[in-house]
Amino acid sequence: MKEDHRQNFLDAVQSIAESVFDFHDRWSLLDNKKPAHLAIEERKELLLEEVNELNDEINKTDEDKSIKLLSREAADVLYVSVGHLLALRNEGLEAMYQVSKKNNNKTKQTHFFDKKEKKVKKLNI
């Protein structure tokens, strides 16, 4: 069961990545000449809008909350974030690999989950 869930998750993330690339290609949004900081500056409002929509969904009253809408808003944040990394070209790709490697190297021998802060933190060793 865990392996099925893992594969379904990986397939969904790949689907997002393929869609983001194809979307940017279809609309000629892959500008290799634009400076990286300018590309992200131009995209900043898109990400803020999606994060705000996710926040609005989180803050709904209990009777108005919908896991389906919450999931879609979270996926919108991911979609736009992946677009940011695509806009950063090779540096974005390198950053994704670096962040993956950094987090893959966090183990129970080097880190712990801080229940109060709800995040993984480095052990003081």
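Trainee: Where does arginine 89 sit, and in which helix?

Mentor: Helices here are DSSP runs of H or I with at least four residues, while strands are runs of E with at least two, and both are numbered from the N terminus. Arginine 89 belongs to the run covering residues 89-104, which is helix H4.

Trainee: Before we go on, what kind of model is this?

Mentor: Residues are numbered from 1 along each chain as its sequence is written, and side-chain values use heavy atoms, with hydrogens and water left out. Local features need pLDDT of at least 70, side-chain atom pairs count only at pLDDT 80 or more, totals for chains, interfaces and linings use all residues, and the model itself is predicted.

Trainee: Back to arginine 89, then: what is its phi?

Mentor: Let's start with its cover: "buried" is under 20% relative accessible area, "exposed" is over 50% and "partly exposed" is in between, using a 1.4 Å probe and protein chains only. Arginine 89 has 24%, so it is partly exposed. It isn't a glycine, yet its phi is positive, at about 55 degrees.

Trainee: Lysine 118 also has a positive phi without being a glycine. Between which strands does it lie?

Mentor: The phi of lysine 118 is about 60 degrees. With a relative accessible area of 64%, lysine 118 is exposed. Its loop runs between strand S1 (111-114) and strand S2 (119-122).

Trainee: Let's zoom out. In what order do the elements come?

Mentor: The protein has four helices and two strands. Read from the N terminus, they go α-α-α-α-β-β.

Trainee: Why is the protein called more spread out than a compact globule?

Mentor: Compare its radius of gyration, taken over C-alpha atoms, with the globule rule, which is 2.2 Å times the number of residues to the power 0.38. For 125 residues the rule gives 14 Å, so the protein is more spread out than a compact globule, its own radius being well over that at 18 Å.

Trainee: And what does the C-alpha trace span along its principal axes?

Mentor: On the inside of things, 14% of the 125 residues are buried. As for the C-alpha trace, its span along the principal axes is about 45 × 45 × 30 Å.

Trainee: How much of the accessible area comes from carbon and sulfur atoms?

Mentor: Accessible areas come from the Shrake-Rupley method with a 1.4 Å probe, and for residues only the protein chains shown count as cover. The protein exposes about 10500 Å², and the carbon and sulfur share of that is 56%.

Trainee: How many salt bridges are there?

Mentor: Side chains of opposite charge can pair when their charged atoms come close. The rule asks for a side-chain nitrogen of Lys or Arg within 4 Å of a carboxyl oxygen of Asp or Glu. Counted that way, the salt bridges number seven.

Trainee: Which residue does lysine 60 pair with in a salt bridge?

Mentor: Lysine 60 is partly exposed at 30% relative accessibility. The N to O distance is 2.9 Å, and the partner is glutamate 57.

Trainee: Apart from neighbours within four places in sequence, what does glutamate 57 touch?

Mentor: Contact means heavy atoms within 4.5 Å. With those neighbours set aside, the residues touching glutamate 57 are Asp64, Lys65, Ser66, Leu69, Leu70 and Glu73.

Trainee: Last one: how far is leucine 30 from glutamate 18, C-alpha to C-alpha?

Mentor: Leucine 30 is in the loop between helix H1 (2-26) and H2, and at 32% it counts as partly exposed. Leaving out neighbours within four places in sequence, its contacts are Phe21, His24, Asp25 and Leu86. Glutamate 18 is twelve residues away along the chain, and the C-alpha separation is 14 Å.
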